[in-house]
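The sequence and the model are shown first.

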Amino acid sequence: MSKIDPARIWSLNHRLLMSVIASVASDIAALGVETKELFVLAEVDEHPYPAELAASLCIPKPSVTLYVKRLEAAGFLRREIDTADLRRHRLQLTSAGRKVMQQGTTLLSEAFGTKLGRLTAAQQAELRALLEKMS
């Protein structure tokens, strides 16, 4: 049996995710956001502070700042002063931002579902279990 190459597995996983994202990028753009901006919207509820978003998404802080400004200008995001710490801004999705986020994540989910459809139900369950074990 040949040795397992973790870099090859990582590469295959990355290629799969990038192909899913690429397959719906134009549909996501039609919603008025870039793919990375969609990921920002999807994380705001769990990570409402820009620095937390940057860490969670592994995106440089200046890039998050740029995305936040664009999303705010588009009416998808609102910045508010944190009442517990007046030096910090807390981010909140607007109703339009939540709608775009839900539509965009549905697009990604459906595209990924198509890829998953290549596996049997048992293989899908096994993949899920393995990913949960690794997370």
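In which kind of crossing, left-handed or right-handed, does H2 pass H5? In this predicted model, the crossing of H2 past H5 is left-handed.

Two packed helices are described by the angle between their axes and the distance between the axes. Helix H2 spans residues 35–43 and helix H5 spans residues 95–116; they pack at about 115°, and their axes lie 9 Å apart. Angles of 65 to 115 degrees count as roughly perpendicular, and H2 and H5 are therefore described as roughly perpendicular to each other.

On the H2 side, the contact is formed by Leu 38, Phe 39, Leu 41 and Ala 42. H5 contributes Gly 97, Val 100, Met 101, Gly 104, Thr 105 and Leu 108. By class, the residues of this contact between H2 and H5 comprise seven nonpolar and three polar, with no charged residue.

H5 also takes part in the lining of the largest pocket, where H5, helix H1 (6–30) and helix H6 (121–134) each supply at least two residues. The pocket holds about 520 Å³ of space. Its lining consists of 18 residues, and those nearest the centre are Asn 13, Leu 16, Leu 17, Phe 112 and Leu 131. H1 provides the largest share of the lining, with 10 residues.

The residue classes of the two sites are set out below.

Conventions:
Residues are numbered from 1 along each chain as its sequence is written. This is a predicted model: local features need pLDDT of at least 70, side-chain atom pairs count only at pLDDT 80 or more; totals for chains, interfaces and linings use all residues. Side-chain values use heavy atoms; hydrogens and water are left out. Axes are lines fitted to C-alpha atoms, for helices over the stretch in contact, and angles run from 0 to 180 degrees between N-to-C directions. Helices (H or I, at least four residues) and strands (E, at least two) are DSSP runs, numbered from the N terminus. Angles under 35 degrees count as roughly parallel, over 145 as roughly antiparallel, 65 to 115 as roughly perpendicular and the rest as oblique. A crossing is left-handed if the near helix is turned anticlockwise from the far one by less than a right angle, and right-handed if clockwise. Contact means heavy atoms within 4.5 Å. Ala, Val, Leu, Ile, Met, Phe, Trp, Tyr, Cys and Pro count as nonpolar, Asp, Glu, Lys and Arg as charged, and the others, Gly among them, as polar. On a 1 Å grid over the protein atoms alone, a cavity is a set of points where a 1.4 Å probe fits but cannot get out, and a pocket is an open set with protein on both sides within 12 Å along at least five of seven lines; lining residues have an atom within 4 Å of a point. Grid points are joined across faces, edges and corners, and a volume is the space filled by probe spheres set on the points.
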